[in-house]
Amino acid sequence: MTTEPRVLAPSEWNTWYEQLERAFGGVAEAPEERALWEALTEHDRSLGVWEGDACVGTAGTFSFRLSVPGGAVVPAAGVTMVSVAPTHRRRGILTSMMRRQLDDVRGRGEALAVLMASEPDIYGRFGYGLATQLMRAAIDTARVRLSVPEGTDGVRLRLARPEDAAEACEAVYARSVPLRPGMTERRPGWERLPLLDPPSGRGSASPLACVLAERDGRVTGYALYRVRPEWEPAGPAGVVVLEHLGALDPESYAALWRFLFEMDLTSTIEVRNRPVDDAWQHLVSDVRRCGLALRDGLFVRLVDVGAALEARTYRAPVDVVLEVADDFCPWNAGRWRLTGDAEGARCVRTGEAPDLALSVRELGTAYLGGFSLASLAAAGRVREAREGALAAASLAFGSAAAPWVPHSF
Ligand SMILES: CC(=O)SCCNC(=O)CCNC(=O)[C@H](O)C(C)(C)COP(=O)(O)OP(=O)(O)OC[C@H]1O[C@@H](n2cnc3c(N)ncnc32)[C@H](O)[C@@H]1OP(=O)(O)O
């Protein structure tokens, strides 16, 4: 008999995780990767559905702190490790876990839940909206030239072992978090994620390598990368695979990219996950030869509409009444008056006439400023009831930097 989801006991973790691995195809993760996810699992926030001793459903939650427009870093439930046994699919087990999980998140007073989806089609029904995109690229460095700003030559580059450089890289990362919505503060243990480098995950590429940018003896940027040597009849055609890059100023940023561009015996940089507004696009001579591609990134769900809309700031003054539909979390449904600007915001229940009507999913999509309310309205997903309200709110919800999540979870 299938029971309701219940909280995971630490001793059950192996059985629970085996169910997750099976649902993803049954290929066992490398021991070091498994060990890291075990260490990061928050047992008291992880749910299992059991049939006797057999685990048939899993869902985890990480206690993230997420950057939102305006620079505040706020609690957010990071939904993860979701699976249902192939023998038990499509009979409502995921729905029961989503129900319990969102009730728990609400009980903890977290206004946001976020996730990265294995398939984008799954989570809209639970009120999650696609809020960020990530950029991929394959840059033809044999044809594309890079122009760097003045001062770049003053940046010193130094190779380091990734483990030895981790503390300095993390310090750069930490300073970037409030500057870009969607980034998460790294809680203890998470600094190991960018260093994860199991041989089975490298393909024919090298182990992870690290280059540091330094100015006046201070680390001002880093890149974690691999090299995949390849040879063609006409000569070398190696690939630089960029895993992570962070920099505190334009010169350090450009010096790191120049390093990647000029690597001997390579002619491509493979970019796996960068923000859509990443600045290297303005340094290259021919963006068309950079093989740009977009993919869905973070999905956001407002668990408490009022608290979530008050947690961020707004690029322009806004005063708007939102009529929100929310079937899965009905405590959010109804009218909210949002007033705010770049300094702060208030969002309270109201009985006034609505200016915009939308579902909580659209609010999630617009929340980090990565997609505009105007584009959602053009798709018929936001309805304007007062002329001018859409343009004003759309402007206010924007973000100076495109929201982005630097890693999967
Ligand atoms: C954040 C993360 O961890 S993402 C990882 C998600 N996990 C995976 O992709 C692993 C492989 N897949 C699975 O384990 C399962 O198929 C799950 C978890 C995706 C779905 O579990 P189920 O218990 O079958 O879902 P459930 O029966 O509750 O379905 C609820 C609704 O979602 C729909 N649905 C479920 N899975 C999918 C899917 N992959 N694509 C589209 N719709 C889906 C169902 O059709 C159903 O729709 P309805 O309400 O209109 O009838």
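This report walks through the domains, sheets, helices and ligand shell of a predicted model.

## Basis and layout

The model is predicted: local features need pLDDT of at least 70, side-chain atom pairs count only at pLDDT 80 or more, and totals for chains, interfaces and linings use all residues. Residues are numbered from 1 along each chain as its sequence is written.

The protein chain has three parts: domain 1 (6-110), domain 2 (135-295) and domain 3 (305-396). These bounds come from an automatic or database domain assignment. Taken over C-alpha atoms, the centres of domain 2 and domain 3 are 37 Å apart.

Helices and strands are DSSP runs, numbered from the N terminus; a helix is H or I with at least four residues, and a strand is E with at least two.

Seven strands make an open sheet with mixed pairing, in the order 1-2-3-4-5-16-6. Strand 1 (6-7) and strand 6 (129-130) are the edges. Each has a single partner strand, so one side of each lacks a neighbour in the sheet. Two strands count as paired if DSSP finds at least two bridges between them.

Within this sheet, strand 3 and strand 4 run antiparallel and share 10 bridges. One of the bridge pairs is G57 with V84 of strand 4. In general, strands of a sheet pair through backbone hydrogen bonds, either parallel or antiparallel.

## Helix 1

Helix 1 spans residues 13-23, and its W16, Y17, Q19 and L20 are buried. They sit on the same side of helix 1, because they cover an arc of only 150 degrees around the axis. That arc is taken from the directions from the helix axis to the C-beta atoms. A residue is buried if 20 or more other C-beta atoms lie within 10 Å of its own, exposed if 12 or fewer, and partly exposed in between, with C-beta atoms placed from the backbone.

The cover over the buried residues of helix 1 includes strand 2 (47-51), strand 3 (54-67) and strand 4 (73-84). Contact here means C-beta atoms, placed from the backbone, within 7 Å. After helix 1 comes G25, with a positive phi near 115 degrees.

## The ligand shell

The ligand has 22 residues around it, and V82, V84, L94, T95 and S118 come nearest. A residue is near a molecule if its C-beta atom, placed from the backbone, lies within 6 Å of it. Strand 4 and helix 3 (93-107) each supply at least two residues of the shell. Strand 4 gives the most, with six.

By type, the shell holds 11 nonpolar, five polar and six charged residues. Ala, Val, Leu, Ile, Met, Phe, Trp, Tyr, Cys and Pro count as nonpolar; Asp, Glu, Lys and Arg count as charged; the others, Gly among them, count as polar.

M81 lies in strand 4. Its phi is positive, near 50 degrees, although M81 is not a glycine. M81 counts as buried, with 21 C-beta neighbours inside 10 Å.

R90 is in the loop between strand 4 and helix 3. R90 also is not a glycine, and its phi is positive, near 55 degrees. R90 is exposed, with 7 other C-beta atoms within 10 Å.

## Strands 7, 13 and 14

Strand 14 (residues 266-274) pairs with strand 7 (residues 133-140) in the antiparallel sense, over five bridges. Here M135 stands opposite R274. Strand 14 also pairs with strand 13 (residues 238-247), in the parallel sense and over five bridges. In that pairing, V239 has T268 of strand 14 as its bridge partner.

A171 is in helix 4 (residues 162-176). A171 is partly exposed, with 14 C-beta neighbours inside 10 Å. A171 and V405 are 234 residues apart along the chain, and their C-alpha atoms are separated by 17 Å.

Strand 18 (residues 334-340) and strand 19 (residues 345-349) are antiparallel partners over five bridges. A hairpin of four residues joins them. G340 has A345 of strand 19 as its bridge partner.

Helix 7 (residues 360-367) is largely enclosed by the rest of the structure, because eight of its eight residues are buried. They are V360, R361, E362, L363, G364, T365, A366 and Y367. Just after helix 7, G369 has a positive phi of about 85 degrees.

Key. Contact = placed C-beta atoms within 7 Å.
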